[in-house]
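I opened the notebook to write down what I looked up, one topic at a time. The entries follow below.

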Amino acid sequence: MNASTSDQLPVVVIGAGPIGLAAAAHLVERGIAPLVLEAGPSAGTAVRDWAHVRLFSPWAEVTDPAAEKLLAPTGWVRPADAAYPTGGDWAEQYLQPLAAVLGDKVRYGVTVTGVARAGRDRIVDADRDEQPFTIHILGTDGREERITARAVIDASGTWSTPSPMGADGLSALGEKTATDRISYRVPDLEDPAVRARHAGKRTAVIGSGASAFTALAHLADLAKEERGTHATWILRRGIGAHTFGGGEADELPARGALGLRAKAAVEDGHARAVTGFRTAAVDRDGDRLVLVAGDGRRLDPVDEVIVLTGFRPDLSFLSEVRLGLDERLQAPTALAPLIDPNAHSCGTVYPHGVNELSHPEQGIYLVGMKSYGRAPTFLAMTGYEQVRSIAAAIAGDRESAERVELTLPETGVCGGAGLYDEPDAAQNGQGGGCCGAPATLRIGIGTSTASGSR
């Protein structure tokens, strides 16, 4: 296929979340036809899964400039800059209107099952770069389809693949058969069915990041209303000076307040912290679960377990394209050193674009949360800059693609790995907790100080 024919093909964007829709907006601005493929029934399907959770950052920081230009003719006005949206607000007041403007450029209910070069598996070199991409999709009606594209932007995120509770990165023994008592999301305690699972019950919360803080804070609020409600907070390391984040010194006040609420949950007796516990197995004790560590320690039985140990990218449908990924983070090799939690605690994650996001396979890009692989922190504003740069590159405007058009405060990859057996390594500058200027936004986890006990 010659270049002029290829240019008539759409750019396929996988995922109609914040970054995927922003990618479509930037492509439209460049005169390039996007086709957004969304597995769910509406824009921001993953965001809607945490509709009850409030963002750390205000509206002024969670909308994309190109998207706003598309929305402006419809009379859309960005909500008050200083207000903090929930995930539900973000989806209903921004993502869905943006998808509506894009119209038939967004398709719902289609799951991408494979991406390849047309007529070339990953082995074949001959004329590879001259071939368009072929994208295999599966509809909710079971019908398969093949789409041809000039480029692919994968903004499918990591929400669908939460990490398991096992400290070795694998499911703990017995974890897969105990899913009736295990969840991998921050609970929505306003939902009567979810509330009933935790009210007056004992819940184990596994994880040390902001998602775990949110769950602990919400369970502490429930404990004040429902006697017998208690949380066991399980950490793989100990509790140090930076375990609860920056507190009042955090440049994101909402995030600092969240850490303080989690700390209060422990100090007020609503949660008991168990440190240095690396889960290896889940045993049954009647209708309850017993967590067992690799060193043989067994915890008291609990009614529910909430696993909040991060997310990882689903690379299964990309097996026939040639990706250059870091062997640890599963992030693009040029981006990985900027975000590696083994090396960063409070360094700077710079805005980046097409140069850091390119792969040996030309024309395919992983963006947004998926571009960060298993790294724990992602900035929405950085994601918007990613897709601005990529759209410019696809349009042939290399100068714009390589120009940084976003200024961010210094930020660290908070909650880094640190030293394996030294929980307070961050105090010695060797990794770990948060300090300095934090991320502008960490999508999907957090609560506003204005949200009260929500």
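How many bridges join β7 to β15, and do they run parallel or antiparallel? I found that 3 bridges join β7 to β15, and that these strands run parallel. I note at the start that this is a predicted model.

**Entry: the open sheet**

I looked up the sheet to which this pair belongs. It is an open sheet of 5 strands in the order β3-β2-β1-β7-β15, and the pairing is parallel. At the edges stand β3 (106–108) and β15 (364–366); each has a single partner strand, so one side of each is left without a neighbour in the sheet. Direction ignored, neighbouring strands of this sheet are turned by 15 degrees against each other on average.

Next I went through the pairings. Strand β1 (residues 11–14) is joined to β2 by 4 bridges, and the two run parallel. I checked V12 and found that its bridge partner in β2 is L35. Another 4 bridges join β1 to β7, again with the strands parallel. There I14 stands opposite D154 in β7. On the β15 side, I153 stands opposite Y365.

I then asked which way the side chains of strand β7 (residues 151–154) point. A151 and I153 point one way, V152 and D154 point the other way, and all are buried. I wrote the general rule beside this: in a regular strand the side chains alternate between the two faces of the sheet.

**Entry: the hairpin of β12 and β13**

Here I looked at an antiparallel pair. Strand β12 (residues 279–285) is joined to β13 by 6 bridges, and the two run antiparallel. A281 stands opposite V292 in β13. The hairpin has 2 residues between the strands, and G286 takes a positive phi near 65 degrees. I also checked how covered strand β13 (residues 288–293) is: 5 of its 6 residues are buried.

**Entry: R117**

I looked up R117, which is found in strand β4 (residues 110–117). Is R117 buried or exposed? Its relative accessibility is 4%, and buried means under 20%, so R117 counts as buried.

What does the side chain of R117 reach? It reaches the backbone oxygen of Q362, at 2.5 Å. The charged end of R117 sits over the ring of F133, 4.0 Å from the ring centre. I listed the residues that R117 touches, leaving out those up to four places away in sequence: R128, D129, Q131, P132, F133, T134, E361 and Q362.

R185 lies over the face of W159, at 4.0 Å from the ring centre.

**Entry: S42**

I found S42 in the loop between β2 (34–38) and α3 (45–49). Its relative accessible area is 16%, which is under the 20% cut-off, so S42 is buried. The side chain of S42 makes a polar contact with the side chain of R48, at 3.0 Å. Not counting residues up to four places away in sequence, S42 touches R48, Q96 and Y108.

**Entry: aromatic pairs**

How many aromatic pairs does the structure hold? I recorded 5. I looked up W76 and Y94 among them: this pair is tilted, with 6.0 Å centre to centre and 45 degrees between the planes. W76 lies in the loop between α4 (65–71) and α5 (87–102), while Y94 lies in helix α5; they are 18 residues apart, and the pair links distant parts of the chain. Both W76 and Y94 are buried.

I then looked up F213 and W233. Their ring centres are 6.2 Å apart and their planes stand at 75 degrees; over 60 counts as edge-to-face, so this pair is edge-to-face. F213 lies in helix α7 (residues 210–225) and W233 in strand β10 (residues 230–234), so the pair ties together parts that are 20 residues apart in sequence. F213 is buried, with a relative accessible area of 7%. W233 is buried as well, with a relative accessible area of 0%.

Note on methods: Residues are numbered from 1 along each chain as its sequence is written. This is a predicted model: local features need pLDDT of at least 70, side-chain atom pairs count only at pLDDT 80 or more; totals for chains, interfaces and linings use all residues. Side-chain values use heavy atoms; hydrogens and water are left out. Buried means under 20% relative accessible area, exposed over 50%, partly exposed in between (1.4 Å probe, protein chains only). A polar contact is a pair of N or O atoms within 3.5 Å; within protein, one must be able to donate a hydrogen and the other to accept it, and residues adjacent in sequence count only if both atoms are side-chain atoms. Contact means heavy atoms within 4.5 Å. Two strands pair if DSSP finds at least two bridges between them. Axes are lines fitted to C-alpha atoms, for helices over the stretch in contact, and angles run from 0 to 180 degrees between N-to-C directions. Rings of Phe, Tyr and Trp (its six-membered ring) pair if their centres lie within 6.5 Å; planes under 30 degrees apart count as stacked, over 60 as edge-to-face and the rest as tilted. A charge sits over a ring if NZ of Lys or CZ of Arg is within 6 Å of the ring centre and within 35 degrees of the ring normal.
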